[in-house]
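Please look through the sequence and the model before reading the points below. They are written as a colleague's note, and each point takes up one topic.

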Amino acid sequence: MGVKLYGFPASTCTARVKASLEEYGVEYELVPINLATGEHKQPAYISCNPFALVPAFQDGDLTLFESRAITRYIARKYKNGVKDLLKESDAAAGALVDVWMEVESHQFNPAVSTIFYQTFVIPFFGGTPDQALIAENVEKLGKVLNVYEDRLSKSKYLAGDFFSLADLHHLTYTFYLVKTHASLVNSRPHVKAWWEDISSRPACKKVIDEMAADAHASK
Amino acid sequence: MSLFTAHSSVFLREREREREREREMGLKLYGAPASTCSARVKAALEELGVAYEFVPINFATGEHKQPPHIARNPFGQVPALQDGDLTLFESRAITRYIARKYKNGVTDLLKQSDAAAGALVDVWMEVESHQYNPAVSPIFYQIFIVPLFGGTPDQAVIAENVEKLSKILDVYEDRLSKSKYLAGDFISLADLHHLPYTFYLMITHPSLVNSRPHVKAWWEDISSRPACKKVTDEMAAVANASK
């Protein structure tokens, strides 16, 4: 029956799931959902994601939504001897992966997604970005990234010396951030090195290249 | 005594020994008594019957932004958890750790060993994080926190978020008409994570819950669990004391 991912390549949350599928080498079908035609609000899609957001995910009988729940499912199901992006069987390491996934959700995401929305989405619909709101969130994000700078001066990746979902979850919004506010990353040497490392992983590079192509195509 | 009784009293004695060991090793929860996020962790600890020491952090003196607390939580927030050498922060990571470590034959709040059930627990934990929390926490902040600092609640922000929350709770109403709890017919961390903010929401906007029969029944169920009631009673006592 196959693994299906509903969304579109330029969508940050769809790409977050793609990155985990690519990291684990899972075969999947990307089923495009057209936001412009309101496809996400139609009954067929609502039954997959009752909040009418992308992505949604199907693996046989199981339907999931919320990108960060989907990546966990993928990491758990496809964990193998070579790759374990959750470390759930190691109490301490697994807990640190969870900590930094929550940091992405509750410290990084609110600031970076607001910047993204104002900078990319509002103009797309013909509106004017709210510069005050951007500035406020750039300042917040700066403080958050100071904590990351300190953390990454002590360990190669966020949860420790191993790449995990905690790092991967940052891929897609950071890709857009460095287009508009590159100095936030580049002025912090450890954050910069970490970003260069994760974004050059073959699976991650494939996903962000596809984001770029899709974003470009929809201009 | 029957084999069952013998086994359960062995189990209970073993749990009591475990709790004694934990007290000696000292599981410490650093937080603030009325803090929603500290209460979220407390609820998990109480549900799993884990012994812990609650260490209050004094916000009025800025203790949360200074050493030693800033070393526990580099964002200068509560809660943080210390378990021996391990220090964790972010309440929803701490609850996961507790649920994983103290899972037993009776209580499994994550269902990680069941691919589908565990995934649904994760889905509804993310819904709490990314749909529910962003709407309910500004309402809480405007009504309870802003006045503490001498400000006036922003009614427009409250109204906007009440409307958002209404739409979100419509989805919950539909979900809870199909299953007793959010992830399925079993209580999980997904339900528990909603406890603290919903407690305050029932003080400020009870009709949001009461007008939705399945949400109402779900709230009455989870909030009356002994562990959850203990936590919300403690929150109520602090809220009353500071009036």
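Where in chain A does E66(A) lie?

1. E66(A) is found in the loop of chain A that runs between β4 (62-65) and α3 (67-78), where helices (H or I, at least four residues) and strands (E, at least two) are DSSP runs, numbered from the N terminus. Although E66(A) is not a glycine, its phi is positive, about 70°. E66(A) counts as buried, with a relative accessibility of 10%; buried means under 20% relative accessible area, exposed over 50%, and partly exposed in between (1.4 Å probe, protein chains only).

2. Before going further, please keep in mind that this is a predicted model, in which local features need pLDDT of at least 70, side-chain atom pairs count only at pLDDT 80 or more, and totals for chains, interfaces and linings use all residues. Residues are numbered from 1 along each chain as its sequence is written, chains are lettered from A and ligands numbered from 1 in the order in which they are written, and side-chain values use heavy atoms, with hydrogens and water left out.

3. Chain A as a whole has 10 helices and four strands, and from the N terminus on its elements follow the order β-α-β-α-β-β-α-α-α-α-α-α-α-α. Its radius of gyration is 17 Å, close to the 17 Å that the globule rule gives for 219 residues, so chain A is as compact as a globular protein of that length. The radius is taken over C-alpha atoms, and the rule is 2.2 Å times the number of residues to the power 0.38. Along the principal axes, the C-alpha atoms of chain A fill a box of roughly 50 × 45 × 25 Å.

4. Of the 219 residues of chain A, 57% count as buried, and the chain exposes about 9,300 Å², of which carbon and sulfur atoms supply 56%. These areas come from the Shrake-Rupley method with a 1.4 Å probe; for residues, only the protein chains shown count as cover. Among the contacts in chain A with a separation of 6 or more, 65% are accounted for by residues 24 or more positions apart, a contact being heavy atoms within 4.5 Å.

5. L177(A) gives one example from the inside of chain A, since this residue of helix α7 (residues 171-180) is buried, with a relative accessible area of 3%. Leaving aside neighbours within four places in sequence, L177(A) is in contact with V112(A), I115(A), L141(A), A182(A), L184(A) and V185(A).

6. Chain B has 11 helices and four strands. Its radius of gyration is 19 Å, close to the 18 Å that the globule rule gives for 243 residues, so chain B is as compact as a globular protein of that length.

7. In chain B, which strand does β3 (residues 80-83) pair with? The partner is β4 (residues 86-89), joined in the antiparallel sense over four bridges; strands pair if DSSP finds at least two bridges between them. Within this pair, L81(B) has L88(B) as its bridge partner. The two strands form a hairpin with two residues between them, and G84(B) in the turn has a positive phi of about 65°.

8. Two cis peptide bonds deserve a careful look in chain B: the bond from P67(B) to P68(B), with omega near -5°, and the bond from V78(B) to P79(B), with omega near 5°. P68(B) is in the loop between β2 (53-56) and α3 (69-72), whereas P79(B) is in the loop between α3 and β3.

9. E90(B) also has a positive phi, about 70°, although it is not a glycine. This residue is placed in the loop between β4 and α4 (91-101) of chain B, and it is buried, with a relative accessible area of 9%.
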